[in-house]
Amino acid sequence: MPCANSQGVNAMLKGIGASSGIGMGKVLLIKEHDLSYVPKAAEDVQSELARYQSAVEGFCSATLEKAERLKKTAGEKEAEILQGHVLMLQDPYMREEIEKRIESGQCAESALESVCDMFISIFSSADDDLTNQRATDVKDIKNGILRILLGREEADISAAPPGTVLVTAELTPSMTAGICKENIAGIITQTGSKTSHSAILARALEIPAVLSLEHAVDVLHNGDMVILDGDSGEVLQAPDPAQLADYTARQKAYLTEKKALKAFIGKQTATKDGCIVQLAANIGTPLDAQAAVDNDSEGIGLFRTEFLFMDQTALPTEEEQFEAYKKVALMMKGKPVVIRTLDIGGDKEIPYLGLQKEENPFLGFRAVRFCLKRTDIYKSQLRALLRASAYGDIRIMVPLVTRVEELRQVKALLAQLKEELTDQSVPFNSAIQLGVMMETPASAVIADLLAKEADFFSIGTNDLTQYTMCADRGNANVAYLYSHYDPAVLRMIRRIVTCAKDAGILAGMCGEAAADPLLIPLLISFGLEEYSVSPTSVLATRKAIAAWSKEEADMLAQKVMSLPTQQEVLRCLTEHARR
Ligand code: PEP
Ligand code: MG
């Protein structure tokens, strides 16, 4: 934790890097305006209801105006975040609850605040970022309407001068709409994570951002000179001349690299000597598909569907799922879209399912194991996927497979649903591909058997590494073991790719390792055919693949695969790294 620092003292602070780039400039502190009030009983219920309604209408029209502005500066999908606020206010439960409280005599301010606070506490107590994010949205809505009811001004950041680093407790979507991106050199917040709306918006605006910097609004002061690194999450307060020179050079290198990557837009993904591979993107929501398109991704290699289940308080309907999958299929215009079926459990909890706490959730009742027990839930997802397959090249991927039987059971369910849909004359792709996410040592060991029954493999190195090394991916004490450079993990990967190739099915990878430039020559040599990476890594991965010929990659792989330790592997790969 950073200690309180007086102005002008050189200090290094650390938050979460959430939007790439180096930002330098002077701090502008955005403090929440005072929204306190004295609650009073509503004297005339009808006029209090009317006062509330008119504040809501004012809020909605201002929000839609902001969304229009945001559409121009950040993009359509970012504007949808603000449009979502208007939709949230139309939620019948929320609306009726607030009106009921006003009818029972509460003033509009306290009726609004009490209902919003109830939602905020539900959403912020969830363990996942996506649901937590909804708490920020509700807070934004609450403050926006309260401000109108109380007649208070909104913080205006549109007049911030060039070279401003915004520092705020929480960057709300409505605040972002006022940003003039040419003038904002960086954003620092006290809360938020890589997947929060603040992060999404900062990335869309291409403004470097560091989030979750503890005590940011107390430690940093108006006018402080700061440097922030949106990748490492470091913030330098009152940098000395040497640091300034160092970061200016880094900033220049970053911008040069960014420009160089743009040259890879529209190019085929291939090695130096012309071996063509596929380069896809990993996404978590239909909104991310736009980022995949913007970064010239050749498809979606992993669509994590958990958000549909985690971002709400009840199971999504088949219809809701169908719409989400169809949306992505249409956005990708016939390019492959690999959709992973529900992968909950372990680090991904869904409170409303009421699952029992387990001693070892990573080894427990999760992913395909859960789905094959709760076929009611699974069938509605599979039906939605089949129906959406009429709108694009949707492929289904099953997570956490350890046995051939699991794949067969999924196939049987699909066959049953296909029959149902045919009887009902509902269109779907009858040749839809069914693949396996190769992320357990068991699946790697039986890769030859699975390859006979699957249409494709995609290696999930995030889990494959944790299960192979018996090292929890989130436990800092065993982080030294959690490495995809370990000979054990590399052998697993090589085996999976070899078995896929022997059986004539596609071998892909959607774990983080697919975007690691150090590992790429090995993956080329093994014969990996599809790389699926985060949308922002697509172009860098295309560049990294183009830096190697198959022959050069083979020579390096031969050397590396004979090394006995992770350190030697890493050293050798680092020595041969190409830029
Ligand atoms: C993986 O395990 O490598 C993977 C891509 O999936 P997740 O990170 O969602 O577990
Ligand atoms: Mg996984």
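**Close-up 1. Packing of helices α3 and α4 in the predicted model.** Helix α3 spans residues 92-103, and helix α4 spans residues 108-125. The two pack at an angle of about 140°, and their axes lie 8 Å apart. That angle makes α3 oblique to α4. Their crossing is right-handed.

**Close-up 2. Residues at the contact of α3 with α4.** On the α3 side are Tyr 93, Met 94, Glu 97, Ile 98, Arg 101 and Ile 102. They meet Ala 108, Ala 111, Leu 112, Ser 114, Val 115, Cys 116, Met 118 and Phe 119 in α4. By class, the contact residues comprise 11 nonpolar, one polar and two charged.

**Close-up 3. Pro 92 in helix α3.** Pro 92 has a relative accessibility of 45%, so this residue counts as partly exposed. Met 555 lies 463 residues away from Pro 92 along the chain. The C-alpha atoms of Pro 92 and Met 555 are separated by 64 Å.

**Close-up 4. Protein donors of the magnesium ion (ligand 2).**

Definitions and conventions: Residues numbered from 1 in each chain as written. Chains lettered and ligands numbered in written order. Predicted model: local features only at pLDDT ≥ 70, side-chain atom pairs only at ≥ 80, totals over all residues. Heavy atoms only, no water. Axes fitted to C-alpha atoms, helices over the stretch in contact; angles between N-to-C directions. Helix = DSSP H or I, 4+ residues; strand = E, 2+ residues; numbered from the N terminus. Parallel < 35°, antiparallel > 145°, perpendicular 65-115°, else oblique. Left-handed = near helix turned anticlockwise from the far one by under 90°. Contact = heavy atoms within 4.5 Å. Nonpolar A, V, L, I, M, F, W, Y, C, P; charged D, E, K, R; others polar. Donors = N, O, S within 2.8 Å, 3.2 Å for Na, K, Ca; no water. Buried < 20%, exposed > 50% of the residue type's maximum accessible area, 1.4 Å probe, protein only.
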